[in-house]
Amino acid sequence: MTRLAAIAVFACSGLSVWSTPSLTAQQRGATDPFAPVRAHARSAVSDSGVPSLAVAVAKGGKIIWAEGFGWADREQRIPATEHTTYSLASISKPITATGLMILVERGKVQLDRPANEYLGSGKITGLAGDAAAATVRRVANHTAGLPLHYVFYYDGAVDRVPTMDEAIARYAITTYPPGSAWQYSNLGFGIIDWIIERASGVSYPDFMRSEVFLPLGMTRSSIHLWPGLEPFAATRYDNQGHRIP
């Protein structure tokens, strides 16, 4: 998501954080070990044109400092905080893998079975190599031979978003023999999303919210923008500073 001008260094919520909002700037400089980092973050925002960013530092399993910088929404003059919600783009992949492994632990998915066994009418096609060798594990670690697949659908556009069955049938065609090469694949993780949904019996966003985010106290984390979280989400901007739907 290099076109996005909003950067999330680390964004989460529902966790206790340490900060010193009551201290003056002079006191912070004298007592706060993160003062140099704070100054660097402010410079990064002002010098780069990035609207905002959020930073957190963890030690020993606890967040010891978190803070937001810049504007989460420039036009509305809404400042970024440590609780601002950002679009994580591909950082979501290891989070999705966590959801998958919950189902593996419960015996609902086997990593070394063909991914097609967990799919619906849309199946992986084996143009290069046998599709049965495109196992769930290989799909998840980008060695199933699937292509990159890079496409966006924007709110208000006339494009109809294809169903997962349609997308898989149309684009999930192995371009390398499964297991022979590493090729980063967004489509592969779309397939993992779909496996999670089909194996769990609930929608992928609902599963991730109930089984991953809420148990971890991540109350402002969601797949897509969960209803009620709109006021906390950072606005997206392109490189020219225009708002992205």
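User: Starting with D32: buried or exposed?
Analyst: D32 is buried, because its relative accessibility is 5% and anything under 20% falls in that class. Bear in mind that this is a predicted model.

User: Which residue forms a salt bridge with D32?
Analyst: R38 does, and the closest N and O atoms of the two are 2.6 Å apart.

User: What else does the R38 side chain meet in a salt bridge?
Analyst: E67, with an N to O distance of 2.8 Å. This pair links distant parts of the chain, since R38 belongs to helix α2 (residues 35-48) and E67 to strand β3, 29 residues apart.

User: How does E67 count by accessibility, buried or exposed?
Analyst: E67 counts as buried, because its relative accessibility is 15%.

User: How many salt bridges does a search of the whole structure find?
Analyst: Eight. Another one of them joins R106 and E211, where the closest N and O atoms are 2.7 Å apart.

User: Where do R106 and E211 lie?
Analyst: R106 is in the loop between α3 and α4, while E211 is in helix α7, so this pair ties together parts that are 105 residues apart in sequence.

User: What is the relative accessibility of R106, and how does it count?
Analyst: R106 is at 46%, so it counts as partly exposed.

User: Which residues do salt bridges with shared partners join into one network?
Analyst: D32, R38 and E67.

User: Moving on to β3. Which way do β2 and β3 run, parallel or antiparallel?
Analyst: Antiparallel, with eight bridges joining β2 (residues 52-59) to β3 (residues 62-73). Within the pairing, V57 stands opposite W65 in β3.

User: What about the turn of that hairpin, how many residues are between the strands?
Analyst: Two residues, and in this hairpin G60 takes a positive phi near 60 degrees.

User: Which residues other than glycine have a positive phi?
Analyst: H142 is one of them, with a phi of about 65 degrees. H224 is another, with a phi near 60 degrees.

User: Where is H142 found?
Analyst: In the loop between α4 and α5. H142 is buried, because its relative accessible area is 10%.

User: And H224, where is that found?
Analyst: In the loop between α7 and β5 (236-237). H224 counts as exposed, because its relative accessibility is 68%.

User: What is I191 in contact with, leaving aside its neighbours within four places?
Analyst: I191 is in contact with L119, I124, V139, L146, M164, I168 and A172.

User: How many residues apart along the chain are E197 and L100?
Analyst: 97 residues, while their C-alpha atoms are separated by 9.7 Å.

User: Last topic, the surface. Which residues make a nonpolar patch?
Analyst: L148, Y150, F152 and Y154 make one of about 390 Å².

User: Where is Y150 found?
Analyst: In the loop between α4 (136-140) and α5 (164-171). Y150 counts as exposed, because its relative accessibility is 53% and the class begins over 50%. H142 is found in that loop as well, but H142 is buried.

Methods: Residues are numbered from 1 along each chain as its sequence is written. This is a predicted model: local features need pLDDT of at least 70, side-chain atom pairs count only at pLDDT 80 or more; totals for chains, interfaces and linings use all residues. Side-chain values use heavy atoms; hydrogens and water are left out. Two strands pair if DSSP finds at least two bridges between them. Helices (H or I, at least four residues) and strands (E, at least two) are DSSP runs, numbered from the N terminus. Patches are made of residues with over 30% relative accessible area and no salt bridge: like charges are joined within 9 Å, nonpolar side chains (Val, Leu, Ile, Met, Phe, Trp, Tyr) within 5 Å. Accessible areas come from the Shrake-Rupley method with a 1.4 Å probe; for residues, only the protein chains shown count as cover. A salt bridge is a side-chain nitrogen of Lys or Arg within 4 Å of a carboxyl oxygen of Asp or Glu. Buried means under 20% relative accessible area, exposed over 50%, partly exposed in between (1.4 Å probe, protein chains only). Contact means heavy atoms within 4.5 Å.
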